[in-house]
Amino acid sequence: MRIGLDLGGTNFRAGLVDDELLVRKEVTDCPKGTEQEVNAALLALVERLMNDEVTSIGVGVPTVVDREHGIVYHAANIPAWEEVHLKDILENAFHRPAHINNDANCFALGVHVFGEGRPYNDMVGLTLGTGVGSGLIINGHLYNGRNTCAGEVGSLPFREKDYEYYCASRFFEAYGTTGKQLAADARRGDPKALDLWREYGDNLGHLIEAVLFAYDPEAIFLGGGIADAFDFYKDAMWTRLGNFPYPESVARLHIAPSHLEDAALLGAAMLENS
């Protein structure tokens with residue numbers, strides 16, 4: 001058995017994973033206080049799942065990580081975590097090997113091992129939510145880069161900002177709404193909402209062009225809250241991709257939202273093998 005954790009600024013989620021089965025899941029709020037308070041909440045969460053059969057602990061964190069030493073730097077939306085030696089903290093507390101990685105990498109690994117990505121040796125996982133995260137599976141293995149941030153295409157320059165600005169929550173905030181609200185409006189057939197989703201799909205198509213130029217994957221799987229609205233922007237996304245200079249690459253490309261629940265948590269549990 002393994003423990004996997006998916007850490008965010010709102011809550012910490014942890015799961016006990018046995019082979020391909022999520023046996024038990026626990027969730028706790030992320031404290032807004034000091035580093036020590038955040039660490040205590042995390043350790044208490046792991047303690048609730050720990051048993052004699054657990055062989056390792058894997059953690060996905062929204063930031064760059066010194067993977068060799070398990071050091072977390074400047075975790076997004078966890079302001080108390082500026083430099084946290086998380087591997088040492090977990091190993092000293094539970095005497096199990098701990099593996100720390102970026103949360104988008106864990107999403108990609110989870111989809112590849114447990115979900116829709118199983119048939120593909122070369123795939124990209126894109127998380128679309130507060131930001132844009134990206135994880136790479138190359139030749140059937142998670143590719144991390146030096147600091148677990150390989151493939152972070154959301155930070156590439158686009159127009160006067162970057163892709164994340166146009167493909168994540170800030171796109172909707174610029175129009176005074178949220179992705180969740182805009183999806184609800186689109187379901188009611190609101191013309192303005194449908195137009196905004198088409199604009200979003202065109203932006204995402206540009207982002208996927210960058211992914212194609214860089215990695216030429218077999219498949220791209222989308223996660224995060226915005227992936228749930230895929231039907232509203234997929235046509236505009238594919239229309240944009242119709243302009244890609246290598247049409248054969250697009251013709252053989254599979255793009256879909258992942259419906260695997262707790263993909264990042266499951267992927268974190270598999271970090272021991274990555």
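This is a predicted model: local features need pLDDT of at least 70, side-chain atom pairs count only at pLDDT 80 or more; totals for chains, interfaces and linings use all residues.
View 1. β10 and β11 (residues 141–143) are antiparallel and are joined by three bridges. Two residues lie between the strands of this hairpin. Asn139, in the turn, has a positive phi of about 55°. Of the seven residues of β10, six are buried, so the strand is largely enclosed by the rest of the structure.

View 2. β9 covers residues 123–128. An antiparallel pairing with β10 (residues 132–138) is made through six bridges, and the two strands are connected as a hairpin through three residues. A parallel pairing with β14 (residues 219–223) is made through five bridges. Gly125 illustrates both pairings: Gly135 stands opposite in β10, and Phe221 stands opposite in β14.

**View 3. The two faces of strand β9.** In a regular strand, side chains alternate between the two faces of the sheet. In β9, Met123, Gly125 and Thr127 belong to one side, while Val124, Leu126 and Leu128 belong to the other. Both faces are covered, and the residues named on each side are all buried. β9 is thus mostly covered, with six of its six residues buried.

**View 4. Buried and exposed sides of helix α6.** Gly179, Leu182, Ala183, Asp185 and Ala186 are the buried residues of α6 (residues 179–187). Seen down the helix axis, the buried residues of α6 fall within an arc of 160°, so they line one face of the helix. Lys180 and Arg187, on the other side of α6, are exposed. The cover over the buried residues includes α5 (169–173), α7 (191–215) and α8 (230–241). After α6 comes Gly189, which has a positive phi near 85°.

**View 5. Packing of helix α6 against helix α7.** The axes of α6 and α7 are 8 Å apart, and the helices pack at an angle of about 125°. The two helices are therefore oblique to each other. Their crossing is left-handed. From α6, the contact involves Gly179, Leu182, Ala183, Asp185 and Ala186; from α7, it involves Ala193, Leu194, Leu196 and Trp197. The α6 residues named in this contact are also the buried residues of that helix.

**View 6. Packing of helix α7 against helix α8.** The axes of these helices come within 7 Å and cross at roughly 45°. That angle makes α7 oblique to α8. The crossing of α7 and α8 is right-handed. On the α7 side, the residues in contact are Leu194, Trp197, Arg198, Tyr200, Gly201, Asp202, Leu204, Gly205, His206, Ile208, Glu209 and Leu212. On the α8 side, they are Phe232, Tyr233, Ala236, Met237, Arg240 and Leu241. Leu194 and Trp197 in α7 meet residues of α8 and also meet residues of α6.

Conventions
Residues are numbered from 1 along each chain as its sequence is written. Side-chain values use heavy atoms; hydrogens and water are left out. Buried means under 20% relative accessible area, exposed over 50%, partly exposed in between (1.4 Å probe, protein chains only). Helices (H or I, at least four residues) and strands (E, at least two) are DSSP runs, numbered from the N terminus. Two strands pair if DSSP finds at least two bridges between them. The arc is that of the directions from the helix axis to the C-beta atoms. Contact means heavy atoms within 4.5 Å. Axes are lines fitted to C-alpha atoms, for helices over the stretch in contact, and angles run from 0 to 180 degrees between N-to-C directions. Angles under 35 degrees count as roughly parallel, over 145 as roughly antiparallel, 65 to 115 as roughly perpendicular and the rest as oblique. A crossing is left-handed if the near helix is turned anticlockwise from the far one by less than a right angle, and right-handed if clockwise.
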